[in-house]
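Hi,

Here is the structure I promised to pass on.

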Amino acid sequence: MKESKRMFIHYISGLIILITGFIHLIANNLPSIGTIVHESIFYPVNLIILLSALLYHMLNGVRVILIEVIPGKCAAKAITWIMFLVGIALYIYGLQVFLNLFWPVE
Amino acid sequence: MSTDKEIEVKFRIFRFNPKTDFAPRWQEYNVKVDKSTTVLDALLKIKEEQDPTLTIRYSCRQAVCGSCGMMINDKQMLACFTRVLELNSNIIKVAPLKNYRIVKDLVTDFSELFQKERQVKPYIIRHDFEELLNPTGTYKQTEEELLGYIQFADCIECGMCNSACPVSATDPLYLGPMILNRAYRFISDPRDLGFEQRIEAIDSEHGCWRCHFAASCSTVCPKGVDPAKAIQLLRRQLVKKAVLGISSPKKVELIPMAHVKGKLELPKGWQ
Ligand code: SF4
Ligand code: SF4
Ligand code: FES
């Protein structure tokens with residue numbers, strides 16, 4: 001993937017974090033609207049979107065910092081791959097936690 | 001401190017010859033200057049009258065060639081464009097530009113920088129070879145088109161922006177403000193058709209996305225080029241073309257010119 005695409009998603013994910021984070025805060029702190037949101041499918045879906053955006057934004061940020069401080073073209077490729085794999089692992093773990101929480105298997 | 005009379009100023013100059021010296025040292029010289037003396041004049045005076053071993057690089061002496069960039073009182077400045085008394089300081093500290101290998105004393109090595117610059121193909125790229133080989137006219141540009149890139153074309157390649165850039169300090173592969181500005185200068189030129197050929201370099205892990213936009217580069221530029229702005233505009237172009245796929249093909253009109261009709265006549269001895 002071109003760097004411009006990675007960074008474009010980075011900025012978009014930043015925006016998504018703002019929106020979904022705000023919804024999450026409202027759902028947990030404003031009982032009037034919160035209860036409605038909590039009881040709908042919208043709450044776990046919002047959380048999953050927040051998790052995806054947060055993971056991408058965070059790991060891409062770490063990748064950018066590492067690329068800047070560890071010189072070398074090969075190093076950049078290795079860092080990108082490592083972050084990608086760490087991201088996948090964390091995503092699977094997070095998703096599994098949410099699935100157990102919201103849709104527990106009897 | 002402005003005066004017509006000569007006054008004595010102390011110069012603390014960085015001295016280092018990587019071939020013979022174990023470590024750099026600072027050497028002091030007293031120089032008489034007046035209100036018109038530039039730092040370059042003072043350095044040349046030191047070289048002529050006190051220490052011929054002092055090494056400096058310069059050429060035009062009028063802020064055109066970009067050879068004499070150095071750290072003057074810890075700031076990137078052109079020695080030929082900086083008057084000593086305007087610095088308002090009794091001690092003038094002079095050192096080579098940061099972020100470059102030192103050749104000797106105040107001379108830094110730009111070869112890596114110019115090598116890297118080749119990646120962005122800093123020239124106009126066109127595909128109408130027949131017209132290029134046998135010109136029949138000149139390419140028309142509107143005033144707005146010219147204003148779109150002329151500021152960025154003022155770069156004299158002094159490399160001072162790269163020296164001030166915090167990313168260039170930590171990432172040796174980062175293209176840096178000077179080169180990215182060069183790339184934008186040509187990409188925004190209505191006559192140029194080489195955007196695709198430059199993408200690999202500017203859209204890489206060490207291309208324009210690494211800029212932190214702190215704009216230290218623009219503050220030290222002696223020509224008011226604003227490379228930080230060029231980098232942001234470059235990003236906009238990349239998102240538009242490489243991410244969203246929005247492309248507006250450049251159309252440039254050829255105005256026939258009588259005096260260049262037919263094959264270009266080269267002067268004798270040039271054929
Ligand atoms: S704006 Fe970008 S290129 Fe300019 S000094 Fe800052 S990081 Fe470097
Ligand atoms: S942009 Fe300015 S500081 Fe940078 S190389 Fe060009 S003239 Fe020098
Ligand atoms: S000597 Fe040419 S820019 Fe200073």
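**What I found**

A:Arg6 is buried, and B:Glu205 is buried too (buried means under 20% relative accessible area, exposed over 50%, partly exposed in between, with a 1.4 Å probe and protein chains only). These two residues form a salt bridge, with their closest N and O atoms 3.6 Å apart; the term stands for a side-chain nitrogen of Lys or Arg within 4 Å of a carboxyl oxygen of Asp or Glu. A:Arg6 sits in helix α1 of chain A and B:Glu205 in the loop between α8 (195–202) and α9 of chain B, so the pair joins two chains. Helices (H or I, at least four residues) and strands (E, at least two) are DSSP runs, numbered from the N terminus.

Before the rest, some housekeeping. This is a predicted model, in which local features need pLDDT of at least 70 and side-chain atom pairs count only at pLDDT 80 or more, while totals for chains, interfaces and linings use all residues. Residues are numbered from 1 along each chain as its sequence is written, chains are lettered from A and ligands numbered from 1 in the order in which they are written, and side-chain values use heavy atoms, with hydrogens and water left out.

**Where the chains meet**

Chain A puts 18 residues into the contact and chain B 19 residues, contact being heavy atoms within 4.5 Å. Between them the two chains bury about 1,600 Å², 60% of it on carbon and sulfur atoms. Buried area here is the accessible area (1.4 Å probe) that two parts lose on being put together, summed over both. On the chain A side, A:Glu3, A:Ser4 and A:Glu68 lose the most area to chain B, together 36% of what that side buries.

How many salt bridges run between chain A and chain B? The count is three. In one of them, A:Glu3 pairs with B:Arg210, and the closest N and O atoms are 2.9 Å apart. There are also five residue pairs in polar contact between chain A and chain B, both residues at pLDDT 80 or more. For that term, a pair of N or O atoms lies within 3.5 Å; within protein, one must be able to donate a hydrogen and the other to accept it, and residues adjacent in sequence count only if both atoms are side-chain atoms.

The elements of chain A that give two or more residues to this side are α1 (3–29), α3 (42–69) and α4 (73–102). The largest share, seven residues, comes from α1(A). By type, the chain A side divides into seven nonpolar, three polar and eight charged residues; Ala, Val, Leu, Ile, Met, Phe, Trp, Tyr, Cys and Pro count as nonpolar, Asp, Glu, Lys and Arg as charged, and the others, Gly among them, as polar.

**Salt bridges within chain B**

Over all chains the structure holds 21 salt bridges. B:Glu157 and B:Arg182 form one of 2.9 Å, N to O. B:Glu157 lies in the loop between α4 (143–149) and α5 (160–164) of chain B and B:Arg182 in helix α7 (residues 176–187) of chain B, so the pair ties together parts that are 25 residues apart in sequence. Both B:Glu157 and B:Arg182 are buried. Elsewhere, salt bridges that share partners join A:Glu3, A:Arg6, A:Arg63, A:Lys77, B:Glu205 and B:Arg210 into one network.

B:Asp51 and B:Arg15 also meet in a salt bridge (2.8 Å, N to O). B:Asp51 is in the loop between α1 (39–49) and β3 (69–72) of chain B, and B:Arg15 is in strand β1 (residues 7–15), 36 residues apart. Both B:Asp51 and B:Arg15 are buried.

**The ligands**

Ligand 1 has 14 residues around it, of which B:Cys165, B:Cys211, B:His212, B:Ala215 and B:Cys217 come nearest; a residue is near a molecule or strand if one of its heavy atoms lies within 4 Å of it. The shell around ligand 1 divides into twelve nonpolar, two polar and no charged residues. Around ligand 2 the residues include B:Cys155, B:Cys158, B:Cys161, B:Cys221 and B:Glu157, and that shell has eight nonpolar, one polar and one charged.

B:Asn99 has a positive phi, near 70°, and is not a glycine. B:Asp105 has a positive phi of about 45°, and at 2% relative accessibility B:Asp105 counts as buried.
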